[in-house]
Structure formats: C-alpha cells, structure tokens
Amino acid sequence: MPIKPGLVDRIALRANLAPAAMTDFYGGVALHAAVTAMDLGLFEELAEPRSARELAADLDCDERGIESLANLLVETGYLGRDGVLYYTTNRTRKWLTDANGTNLGPWLWFWVDVVLPYWRDHVDAAVRTGDPGETIYDWLGEDEAGWERTQEGFRAAATLLVDPVSDALGDVSELRVLDLGGGHGAYAVGLARRGADVTLFDRPDALGVASETVAGEPAAVRDRVTLSGGDYMTDDLGDLDGDDGDDGDDGDDGGDGDYGDEGRYDLVLLFNVLHAHDPDECERLLGRAADSLSPGGRIAVLDQFADDGPTRLADVGIAVVDLAYLVTLGGRTHETGAVRRWLASAGCRVTDSETFRRAPGVRLLVAENRQQ
Ligand SMILES: C[S@@+](CC[C@H](N)C(=O)[O-])C[C@H]1O[C@@H](n2cnc3c(N)ncnc32)[C@H](O)[C@@H]1O
C-alpha cells in the first residue's frame, strides 16, 4: 500500500528538507508487517472489525504484539481502525485475500520468504560481475517448500492475466499447445478450460504446484493437460506426452519427436521465460520452439520488455524486474525489437502485440510460423 505523505511531508520532501529514503525504509518494514499479517491470517480474521484483545485471543498472540503490528498496518493502509476496532481495508481485501480471485499475497510471500534470503547472498556478485553465480532455480534445488512458495507466487501473479491473455490468443479449442516453462499451470489450465490440449513443460522439481493446479479442475479439463519435466534448452520438445502421432515406429527418429520436418504444436507459449536468458540462448530457444510448431502454428511470448513503460509505475516496475532478473537469474528485460528479430530468424512473423491494464509493463507478442 503506498505510504501517503501528508501536505507538510510533501513540502519537506520536495524541498529536500527531509530524507526521502526514509519512505522506502518504512515501505520495507511495512512489506514484512503485511507478510506477518498474512502468516497469522489477520486479513481474513478482520473481515469483521475486532479489537486487539479479541484478535490476540483468537490468534493465540500477545495483545501488545498484535496492537503494534495492526497500528503499523493502519498507518500504511492495509487495515482501517474505528476506535479500538481494526478492520481489513477494501484494497487489502481485493488484492491480499481470496475474496475475489485476485489474491497477490503469495507473490509477497515468495519475495519475502524466497527471493530476499537468496538476494542477500547473490546481489553483490550479480552487480559486480554480472553473474549471480547460480540462478534462484538452481539455488532452490530440491527444496520442495521453496519451490511451492515460488510457484504459488508465480501463479498468484499469473492469475491477474490468465483471462485477458487467453482472450488475446483467440479461439484455442482443440489446439495442441506447448507451455514451455509453464511452472504453476495457471495458463495451461486456463487454455484447457477453453478446449486446448496443453503440454506443460518445466523443470522436474518445479512441477508440484502444477499438479495441484490441475488436480483442482474437473476431469474434462484435467484430461487435457499433460505435465512433463525436463530442460527446454536441451530436451527433445517434439514428443513430450509420448504420443508422437506417427506410425508408431519410435526407432525412426525423423527429428524432434519423429515429426520429420514438421513440429506437432499449434501454439507454443514462452511466458516469463526469455528474461532468464541471454540473447544467444533466447534465439536458440525460440528456434527450438519454432521447430516444434506445425505449419502455420504460433509462438506466444509474454514478458516485461525493456522499452515498454506506458505509465510511471510501469517504468518503476520494469526497472525493479530488470534488477531482479539480473540477481536471481543472471538475466534481463529484453527489447521488443530484439525478440521480434529472434522470432524472424526462427521463421516467424509477429502478428499481434498486446498490453494489459492490470499489469503495466507486460506485453504479449504473438508470431506465426511462416514455414509451410
Ligand atoms: C518465471 S516462471 C514463469 C511461469 C509461467 N510461465 C508464468 O508465466 O507465470 C519461469 C519458469 O521457467 C522454468 N524454467 C527455467 N529454466 C528452465 C529450463 N531450462 N527448462 C524448463 N523450465 C525451466 C522455471 O522452473 C519456472 O517455472
């Protein structure tokens, strides 16, 4: 919740009579306070107004501890207060609880519980040498709880965009879709609900949350999603669900997945994947994606691009993720022009480019395979 300086504060800040960095410090503490409130279930608890004493009894906490936490959350806009009663504000209810399907809480959890501990040990190397030494994915390794926090965070962020992005992809009914780096499965399920057959491909350790996402769907949707583990830079992307669609002679390796010169997918998604890779890797990955397309198939790239900034907040967001990609992945935000060039060298032509009101700075590029 943005800290809102009052009139006197704003005059002092503008005249440089007060240290503006203190507002960032307050914001940093407020983020941690919000995550503590989420750990306690405080925002759900305060759907109805309650006093600190009642909360302390219900949440098995110290009354003074709850009061101090709640007071900071009031000052920073997460909670409201009416006399001794605290309540969850509309902003918090909409964006940090399950009240209406736009809960970004797991994204904050991911940052505080996963990214920040990783960050402390890797930011120095990343900034001094341009290489954090290991990616956050390698650092997570086989840490199941860490992967769960991570994919739940990605899924929370994706939830805002699944519908508008699916709309932008048009009619996907009966399309064969490959979701590379599909992570949590929210996009895969979103498209499967619209009748697509989706193969989600991700690192084997990363698939736990995707399994849960798929398991929560009715059988008609579940049956349309296949989860597959591996490395999209090196694995054969042609036949990931084992149904290679040829004459059954798997010994005859006619290229990726026995499809000879043709791939099998109508649509390949690369959503929030390219930022982890340098230009050579991006070009290679887009080439591999294009090779797995059927004639006339499409590649869809969703990401934050370095040159996009329709609003001031979008500019800040792009600068934040650019540094975050460097520190966590040795990666970067790419220019849309560069992505268009890599797509062109993979034989694809961009046919659509869309932005989304809910996620300033995010762009979807859709490109068609021109090879017949
Ligand atoms: C930022 S997440 C994006 C998840 C989802 N596509 C979205 O847009 O919300 C990037 C995903 O790429 C996966 N990934 C990274 N490197 C990979 C690789 N070499 N092979 C397969 N998946 C990879 C990660 O495990 C992670 O799930």
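**Notebook: strands, helices and a ligand shell**

I began with the pair β9 and β10 (residues 362–369), which run antiparallel and are joined by seven bridges; two strands count as paired if DSSP finds at least two bridges between them. Helices (H or I, at least four residues) and strands (E, at least two) are DSSP runs, numbered from the N terminus. Within this pair I noted that D352 stands opposite V366 in β10.

Before going on, I wrote down that this is a predicted model, in which local features need pLDDT of at least 70 and side-chain atom pairs count only at pLDDT 80 or more, while totals for chains, interfaces and linings use all residues. Residues are numbered from 1 along each chain as its sequence is written.

**The seven-stranded sheet**

I then looked up the sheet that holds these strands, and found it open, with seven strands in the order β6-β5-β4-β7-β8-β10-β9 and mixed pairing. The edges are β6 (225–229) and β9 (348–355), and each has a single partner strand, so one side of each is left without a neighbour in the sheet. Neighbouring strands are turned by 20° against each other on average, direction ignored; angles run from 0 to 180 degrees between N-to-C directions, and axes are lines fitted to C-alpha atoms, for helices over the stretch in contact. Helix α14 (residues 279–291) packs on this sheet, where it touches β4 (176–180), β7 (265–271), β8 (293–304), β9 and β10, and its direction makes about 145° with that of β8. Contact here requires that the C-beta atoms of two residues, placed from the backbone, lie within 7 Å.

Between β1 and β3 (residues 85–88) I noted two bridges, with Y86 in β3 as the bridge partner of R50.

Helix α4 (residues 52–59) packs with α5 at an angle of about 115°, their axes being 8 Å apart. From α4, A52, R53, L55 and A56 meet E63, I66, E67 and A70 of α5. By class, that contact has five nonpolar, no polar and three charged residues, where Ala, Val, Leu, Ile, Met, Phe, Trp, Tyr, Cys and Pro count as nonpolar, Asp, Glu, Lys and Arg as charged, and the others, Gly among them, as polar.

**Another helix pair**

I next followed helix α2 (residues 21–40) to helix α7 (residues 105–129), whose axes come within 10 Å and cross at roughly 115°. On the α2 side L31, H32, A34, V35 and M38 meet G105, L108, W109 and V112 of α7.

**Around the ligand, and the domains**

Which residues come nearest to the ligand? Of the 16 residues around the ligand, they are G181, G183, A206, F271 and N272, a residue being near if its C-beta atom, placed from the backbone, lies within 6 Å. I noted that the shell divides into nine nonpolar, four polar and three charged residues.

Last, I noted domain 1 (7–100) and domain 2 (124–369), with bounds from an automatic or database domain assignment. Their centres, taken over C-alpha atoms, are separated by 36 Å.
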